[in-house]
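Thanks for making time this morning.

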Amino acid sequence: MPRRKKGQNYMPMSTAGLLSFSQEYSGGLRVPKWFPVVFSAACVAAIIALNILW
């Protein structure tokens with residue numbers, strides 16, 4: 001029985017869409033990965049502050 005390599009072997013159908021999606025460029029606004037987290041936290045803090053002040 002042949003041994004398999006230790007690296008992961010991906011099925012072609014499961015990664016075909018992911019590989020093509022990550023390589024496409026839509027031409028839209030480029031947002032850093034941390035921005036949605038910081039923006040959400042700032043919105044939550046603003047809503048809490050407004051509820052306390054009113």
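Predicted model: local features only at pLDDT ≥ 70, side-chain atom pairs only at ≥ 80, totals over all residues.

Residues are numbered from 1 along each chain as its sequence is written, and side-chain values use heavy atoms, with hydrogens and water left out.

The secondary structure comes to two helices and zero strands, taken as DSSP runs numbered from the N terminus (helices are H or I with at least four residues, strands are E with at least two). Of the 54 residues, 2% count as buried, where buried means under 20% relative accessible area, exposed over 50%, and partly exposed in between, with a 1.4 Å probe and protein chains only.

Now to the surface, where Leu29, Val31, Trp34, Phe35, Val38 and Phe39 form a nonpolar patch with about 680 Å² of accessible area together. Leu29 sits in the loop between helix 1 (12-23) and helix 2 (35-53), and it counts as exposed because its relative accessibility is 80%. Patch members have over 30% relative accessible area and no salt bridge, and nonpolar side chains are joined within 5 Å, like charges within 9 Å; a salt bridge here is a side-chain nitrogen of Lys or Arg within 4 Å of a carboxyl oxygen of Asp or Glu. The areas come from the Shrake-Rupley method with a 1.4 Å probe, and for residues only the protein chains shown count as cover.

Which residues do ring pairs link into a cluster? They are Trp34, Phe35 and Phe39. Rings of Phe, Tyr and Trp (its six-membered ring) pair if their centres lie within 6.5 Å, with planes under 30 degrees apart called stacked, over 60 edge-to-face and the rest tilted. Trp34 and Phe35 are edge-to-face, at 6.2 Å centre to centre and 70 degrees between the planes, whereas Phe35 and Phe39 have centres 5.9 Å apart and planes at 20 degrees, so that pair is stacked.
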